[in-house]
2 protein chains.
Amino acid sequence: MSKGLLIVVSGPSGAGKGTVCSALLAKQADIQLSISATTREPRKIEKPGVNYHYFTKEEFRSQIDQDGFLEYAEVYGNYYGTPKKFVLDALKAGNDVLLEIDIQGALKVKEAYPDGVFIFILPPTLEELQKRITSRGTETEESLKKRLGAAVEEIEQAFKYEYCIVNDQVDEAVEELEAILKAERCLIKRNHEKIHNFREEEFYVEA
Amino acid sequence: MSKGLLIVVSGPSGAGKGTVCSALLAKQADIQLSISATTREPRKIEKPGVNYHYFTKEEFRSQIDQDGFLEYAEVYGNYYGTPKKFVLDALKAGNDVLLEIDIQGALKVKEAYPDGVFIFILPPTLEELQKRITSRGTETEESLKKRLGAAVEEIEQAFKYEYCIVNDQVDEAVEELEAILKAERCLIKRNHEKIHNFREEEFYVEA
């Protein structure tokens with residue numbers, strides 16, 4: 001069985017990577033979503049195993065010691081990470097796995113698993129990003145400026161990815177994402193066995 | 001305007017690259033087909049500028065001297081080549097250009113223009129290739145053996161390409177080809193300007 005694709009999607013906050021990923025999963029039910037682990041408290045609307053796997057700090061540190069994460073980070077005193085076993089088992093079984101993670105995490109995954117497909121979601125323009133952020137209605141002028149400045153910094157990281165998708169219309173963005181996956185499956189580097197098999201195939205000619 | 005894609009499609013005789021390319025052009029009328037030049041005599045059903053551009057040997061050699069070909073070769077005393085100006089002008093104008101050429105020609109184009117998209121069309125199996133060849137009904141046992149042997153050798157060249165497409169069902173093969181083109185347009189290396197523009201875009205926050 002051929003190995004599945006590790007699909008890593010990131011982008012600046014407000015670019016809409018969550019929407020694009022949800023729409024992809026709705027269309028392609030065979031893609032498995034990786035659920036992150038965290039030590040922070042579950043929010044009221046969150047469900048264990050759906051939004052996150054909730055670990056105690058002891059559990060999380062023990063998993064770190066056992067090399068149990070593809071990547072992890074500590075943010076404001078809590079841990080966040082991508083459990084390794086789920087991802088590698090699914091890939092080995094030939095399933096595609098989707099990681100929707102932040103840029104720092106994605107770049108760590110790229111070091112550990114360069115064979116993944118690294119996709120950066122861009123907003124159409126900064127102006128549009130600003131509109132999307134302000135439509136949520138909770139930003140002060142100061143925090144908005146800070147977020148836009150951070151977004152510009154983050155977008156520079158796109159050069160470390162392989163693909164970018166401009167999320168103007170979600171359905172078009174999902175079509176591009178699907179095209180990327182289809183094209184990746186056609187890469188020569190992912191089809192060595194198939195090509196070598198022609199040499200192995202016995203052929204004989206009947207008169 | 002962004003540069004167009006140079007799409008280079010090859011594969012062993014009988015894999016059906018001509019059928020796949022025709023079906024792509026029928027679906028995407030904006031892709032421009034490069035017409036090869038040759039010094040061989042036109043066949044009765046062929047039309048100048050459709051099947052080939054027909055050159056005298058003097059004209060062809062003069063074009064070689066003026067660096068007028070992306071690639072050319074001499075086969076059984078006749079020249080065949082890909083006129084350079086048509087291809088480069090179309091790409092510069094932002095149009096995609098399709099080259100359906102043999103493997104030797106494709107690999108020469110790759111040296112001259114590594115930014116192209118190099119796609120190898122495979123038959124599903126050698127057995128199927130044999131069926132396709134024999135259905136044309138003109139092969140002796142000896143020539144069939146020779147052609148299958150040559151196909152096996154040619155398929156090894158696929159490792160020098162970037163993508164392969166198994167032409168089992170033509171419509172699926174064309175979908176894969178279209179996905180490859182869509183994905184290529186999302187490559188970071190083809191979108192440097194778009195990403196840099198975010199840094200240039202002025203943003204200001206209204207209270």
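The axes of helix α7 (residues 170–185) of chain A and α7(B) come within 8 Å and cross at roughly 115 degrees. Angles of 65 to 115 degrees count as roughly perpendicular, so α7(A) is roughly perpendicular to α7(B). The crossing of α7(A) past α7(B) is left-handed. This is a predicted model.

Who meets whom here? On one side stand Glu176(A), Ala179(A), Ile180(A), Lys182(A) and Ala183(A) of α7(A); on the other stand Glu176(B), Ala179(B), Ile180(B), Lys182(B) and Ala183(B) of α7(B). By class, the contact of α7(A) with α7(B) divides into 6 nonpolar, no polar and 4 charged residues.

Now the symmetry. Two copies of a chain are related by a rotation about an axis and a shift along it. In this model, a rotation of 180 degrees superposes chain B on chain A, with 0.0 Å of shift along the axis and an RMSD of 0.0 Å. The two copies are thus related as by a two-fold rotation axis. Within chain B, the C-alpha nearest that axis belongs to Ala179(B), at 2.2 Å. Ala179(B) also takes part in the contact between α7(A) and α7(B).

Next, the whole interface. It brings 33 residues of chain B into contact with 33 residues of chain A. On the chain B side, the elements that give two or more residues are α5 (126–135), α6 (141–156), β9, α7 (170–185) and α8 (192–200). The largest share comes from α6(B), with 6 residues. By class, the chain B side has 22 nonpolar, 3 polar and 8 charged residues. Of the interface residues of chain B, 100% are also interface residues in chain A, so the copies meet through the same surface.

Two of those elements, α5(B) and α6(B), also pack on each other. Their axes lie 11 Å apart, at an angle of about 135 degrees. The two helices are therefore oblique to each other. α5(B) passes α6(B) in a right-handed crossing. From α5(B), the contact draws on Leu126(B), Leu129(B), Gln130(B), Ile133(B) and Thr134(B); from α6(B), it draws on Leu144(B), Arg147(B), Leu148(B) and Ala151(B). The contact of α5(B) with α6(B) has 6 nonpolar, 2 polar and 1 charged residues.

Helix α7(B) has another partner within its own chain. It packs with α1(B) at an angle of about 65 degrees, the axes being 9 Å apart. The crossing of α1(B) and α7(B) is right-handed. α1(B) supplies Thr19(B), Val20(B), Ala23(B), Leu24(B) and Lys27(B), while α7(B) supplies Val170(B), Ala173(B), Val174(B) and Leu177(B). This contact of α1(B) with α7(B) has 7 nonpolar, 1 polar and 1 charged residues.

That leaves the sheet. Strands of a sheet pair through backbone hydrogen bonds, either parallel or antiparallel. In chain B, 5 strands form an open sheet with parallel pairing, in the order β2-β7-β1-β8-β9. Its edge strands are β2 (32–33) and β9 (163–166) of chain B, each of which pairs on one side only. Helix α1 (residues 17–27) of chain B packs on this sheet and touches β1 (6–10), β2, β7 (97–100) and β8 of chain B. The direction of α1(B) makes about 165 degrees with that of β7(B). Strand β8 (residues 117–122) of chain B pairs with β9(B) in the parallel sense over 4 bridges. In that pair, Ile119(B) stands opposite Tyr163(B) of β9(B).

Terms used:
Residues numbered from 1 in each chain as written. Chains lettered and ligands numbered in written order. Predicted model: local features only at pLDDT ≥ 70, side-chain atom pairs only at ≥ 80, totals over all residues. Pairing = 2+ DSSP bridges. Contact = placed C-beta atoms within 7 Å. Axes fitted to C-alpha atoms, helices over the stretch in contact; angles between N-to-C directions. Nonpolar A, V, L, I, M, F, W, Y, C, P; charged D, E, K, R; others polar. Left-handed = near helix turned anticlockwise from the far one by under 90°. Least-squares fit on C-alpha atoms with pLDDT ≥ 70 in both. Parallel < 35°, antiparallel > 145°, perpendicular 65-115°, else oblique.
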